[in-house]
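Reader: I'm new here and would like to know what stands behind the labels. Can you take me through a few?

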Amino acid sequence: LPRLSTNGVKEWQSESAAYLLAHVFEVSEDICTSLEQKLFDDRYRCILCGNLSNRGNFAAALKTVQGVSSQILWQVSVLLNIAKAQVQKGDIEYSATFTNALEIVNTLVSTSYWERLIGKIATAQIEVSDRESTQATLTEALETADKIDNPLHQVRAFVSLANVQAEVGMVEEAIATLQKINDRPELEKLSLSISIAKVWFKTENKDKIKAIFARQLEIANGIANEEKQADTLRDIVIAQAELGEFADARETVKKIDCSERPYALMRIATEQAKVREFTTALETVEEIEIKHYQSEALSVIATSQAEARNFPDAFETASRIEEPFKAQALCGIAIAKAEASPFTDDALEIAEQIESNRERTQALVGIVRIQGQVKNFPALLKIKDKVRGKEWKNEVLSAMAEVYAKAEDFTTALEIATEIDIPSMHAKTLEVIAEIQAQAGQFEAARNTFATFLKIEKKPEASISFMRASALAIVAEVQVKNAQKEVGATTARIA
């Protein structure tokens, strides 16, 4: 048998085969195992494992995951998902699955993969409320780290494990782990110092954070190469801002030469906006001398103000922004307004002000999903009327069809889907509707919907034509924005 295609247009073949095999595995495990080995690559083998886990066939899932040989990261991720599913379904063998994942990870000691995957295992164990196993996993990992010969790799491993401990709430253990590497010369490395500062941030020790940055500033002041010094100072500023040390970051930024300063100030302002320090964020923006970075920061501030339900200030901030960042800000404001007032037309009116097709579509899709959650179907019909005939209607209609399907109004969902004139998106929407119909127990209707989906997917030339037309349309839009109106019009005609 030829291996099934992983081409985007034909990926339904592998997805459908994985779904089918998961359902008939109990009929003949040997035949299904032979088929999956011949038909699937590792990606779809992982999907089959997920389907098997969802059906509670953990023995088959665990056997199948052994065949995921090319990607250890995928193999471990699948094992963790199987363990979580076992916990949900009351299978006491979940701890053995975690142990299996740990054994695989321990073959990667002294690599960044090992540190990252140990963290994933510990986090997964905490998620299933198995704190005792988490403690055991991290204790064993620390013992392994003690045996790493390379000094830099060893320090990096301890810092990574301390970060995981702090992340899962083991604060005292994290502090003890950091004490293992006190005064190690490797800690002079900026990236490691920043990682340690992030651990201290999670343990709420501001004094330690300040001491780390003070030492790194001393090192930076001794760098002879001006470009390298500027890069180092910029990275320190960004780290200080991310950890909420805004006053110190503002002081550090003064040491940076003009070329790197606007970007560093933009990062300070955006971090201030994320924690809703809007007054100081706007003050920081005033110091940014490059319009591009100023608009980027103002866009984040406006969106954060809207998320904080401070819409008057959000609109005031947005009025100062240049494109394309103004469109991003209005998109964020529109979605926040929909969340705050899902039964009004306010969000829709904001979305209509967005000039960029991409951000307008993103805003409308967000509004549709929010109004679907509160079952505001009259508003959805109003949006449907407004997007009819627009070149950017398809994504909005696809989201709307999915919303109606989730409300089990399949008639309306299918009617809306017929208005999608991009074949690949029309097909994908029908596939989503069919899946929801099956979940609702309407199997005959799901089969009919899926049959329609297959007829559309058999026309790859339509999808290719659409992709070519879409690419040309984007080129035309850029040409017009760059004052090449005649050239842009010609490109649009070709599209």
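Predicted model: local features only at pLDDT ≥ 70, side-chain atom pairs only at ≥ 80, totals over all residues.

Reader: What makes arginine 320 and glutamate 286 a salt bridge?

Author: Their closest N and O atoms are 2.6 Å apart. A salt bridge needs a side-chain nitrogen of Lys or Arg within 4 Å of a carboxyl oxygen of Asp or Glu, so the pair qualifies.

Reader: Where do arginine 320 and glutamate 286 sit in the chain?

Author: Arginine 320 is in the loop between α18 (311–318) and α19 (325–340), while glutamate 286 is in the loop between α16 (278–285) and α17 (291–307), 34 residues apart. Helices here are DSSP runs (H or I, at least four residues), numbered from the N terminus.

Reader: Why is glutamate 286 called exposed?

Author: Exposed means over 50% relative accessible area, buried under 20%, and partly exposed in between (1.4 Å probe, protein chains only). Glutamate 286 has 52%, so exposed is the word. Arginine 320 has 33%, so arginine 320 is partly exposed.

Reader: Why is arginine 234 called buried?

Author: Because its relative accessibility is 18%, arginine 234 falls under the 20% limit. Its salt-bridge partner is aspartate 235, with the closest N and O atoms 3.2 Å apart. Aspartate 235, at 30%, is partly exposed.

Reader: How many salt bridges does the structure hold?

Author: There are 27 salt bridges.

Note on methods. Residues numbered from 1 in each chain as written. Heavy atoms only, no water. Helix = DSSP H or I, 4+ residues; strand = E, 2+ residues; numbered from the N terminus.
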